[in-house]
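Subject: Structure handover

Hello,

Please find the structure below, with notes on what was found in it after that.

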Amino acid sequence: MAVLDEPEATADAAGLTTGAVARRLGVSPTTLRSWDRRYGLGPAVRAEGRHRRWSPADIAMVEEMCRLTSAGAPPAEAARVARLRHHPTTPTTDPASPRASTPPAPPRADGDVDGEAEDAADPGATDPRPEPEPEPGPRPPARRGGAGGGLPLGGDVRQECRGLARAAVRLDAPELEQRLLDAVDRHGLVVAWEEVMVPTLRAVGRKWESSGDRYVEVEHLLSWHISSTLRGVPFLFPRRDPVTGAAPVVLACTPGEQHSLPLEVLTAALAERGLPTRTLGAAVPTEALLACVRRTGPAAVVLWAQTRSTASLPLARHVAGLEWGTAGARRRPTVLPAGPGWDRRASAGFPRCSGLREAVDTLGRLCEDGARLPARGH
């Protein structure tokens, strides 16, 4: 019986396979192949007719990539730094593209005991074929999503939804993190949310509803990583300078409402615009919401309700009636009911937004208009 760590003991002489390197780093083989294809982070030397072998220098390079992305660096920048530190003489066509001199990888043989071909046989694994890079200009028509690891994506969805869904079903946390960051980096926050994250979340929800208690762990893991990505967006990607003198936007779920992801993406999108926020999260008690509004004097208050049972018109009216400021210069917040729980009757008399982009534009105007008014007083 062979010793399990024997192949790695001879790494200096023969190098490691992609599967062995993936196990060492705690990432999927698909992630390593994606980094090689997109950023040129692959074996520097490849013998024709053999599986790719990773030298100690190659492994140190992808270890650096893991450390930098874990610290919050954008993937393309992390790849550039890792490559310069460990393979400074490797020619490339572009800082974020695969090396020009790398020949195509040889086909993988069946039965690779080191795991090189293991994930190709996995029906839930990500398609190892290269994804087309987006061309500049208008967005090309979305591809039909098809199956994503057994999740019912349905309709025409972006190609990224399939990979994200398959990573979620495999509970592959590193792959989820990488794909979410790539989506935001490539398409921007609004498009990544509306056309990648939301369709995948809905597919998980449909699978959960049709499978009893199964797939709950998939929904929880996907939601967690989406939340983590959204909270990191203001620190990882460029944003505008803060709007001077702008009153904040208060974002809160109504009492009893637990679905807070939409507030998190709105918070991140407002931060990209340089607008201040005070996000209270899920199931905010009425008195806590009112106290926050009185103490901060916000330009607007967003009240999220996912279901009709949590949408409260009396609460919206109460918040809209709060006043502050000196006599003759009293101010009130604009209340924005948001979410599918607010039907036309429940939100009558309040502004409504049809999507994330419109909500950001509306709240941006309110904050900027408020910044031009005299400073408030209690």
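The crossing of α7 and α8 is left-handed, a term used when the near helix is turned anticlockwise from the far one by less than a right angle, with right-handed used if it is clockwise. Helices here (H or I, at least four residues) and strands (E, at least two) are DSSP runs, numbered from the N terminus. This is a predicted model, in which local features need pLDDT of at least 70, side-chain atom pairs count only at pLDDT 80 or more, and totals for chains, interfaces and linings use all residues. Residues are numbered from 1 along each chain as its sequence is written, and side-chain values use heavy atoms, with hydrogens and water left out.

Helix α7 covers residues 159-169 and helix α8 residues 173-187; they pack at an angle of about 160°, with their axes 9 Å apart. That makes α7 roughly antiparallel to α8. Axes are lines fitted to C-alpha atoms, for helices over the stretch in contact, and angles run from 0 to 180 degrees between N-to-C directions. Angles under 35 degrees count as roughly parallel, over 145 as roughly antiparallel, 65 to 115 as roughly perpendicular, and the rest as oblique.

From α7, the contact (heavy atoms within 4.5 Å) uses Glu 160, Gly 163, Leu 164, Ala 167 and Ala 168. From α8, Glu 175, Leu 176, Arg 179, Leu 180, Arg 186 and His 187 take part. By class, the contact of α7 with α8 has 5 nonpolar, 2 polar and 4 charged residues. In this scheme Ala, Val, Leu, Ile, Met, Phe, Trp, Tyr, Cys and Pro are nonpolar, Asp, Glu, Lys and Arg are charged, and the others, Gly among them, are polar.

α7 also packs against helix α9 (residues 189-210), at an angle of about 45° and with the axes 9 Å apart. The two helices, α7 and α9, are therefore oblique to each other, and α7 passes α9 in a right-handed crossing. Here Glu 160, Cys 161, Leu 164 and Ala 165 of α7 meet Glu 195, Val 196, Pro 199 and Thr 200 of α9. This contact of α7 with α9 divides into 5 nonpolar, 1 polar and 2 charged residues.

Of the 11 residues of α7, 8 are buried, so α7 is largely enclosed by the rest of the structure. Buried means under 20% relative accessible area, exposed over 50%, and partly exposed in between (1.4 Å probe, protein chains only). The buried residues of α7 are Glu 160, Cys 161, Gly 163, Leu 164, Ala 165, Arg 166, Ala 167 and Ala 168.

Next, the backbone. Leu 171, in the loop between α7 and α8, has a positive phi of about 55° although it is not a glycine. At 41% relative accessibility, Leu 171 counts as partly exposed. Ala 283, in the loop between β4 (277-281) and α12 (286-296), has a positive phi near 45° and is likewise a residue other than glycine. Ala 283 counts as partly exposed at 26% relative accessibility.

Thr 296 is in helix α12 and is buried, with a relative accessible area of 18%. Thr 296 and Ala 247 are 49 residues apart in sequence and 8.0 Å apart in space, C-alpha to C-alpha.

Last, the cysteines. A search of the whole structure finds 0 disulfides, a disulfide being a pair of cysteine sulfur atoms within 2.5 Å. Cys 292 counts as buried at 14% relative accessibility, and Cys 367 counts as buried at 0%.

Regards
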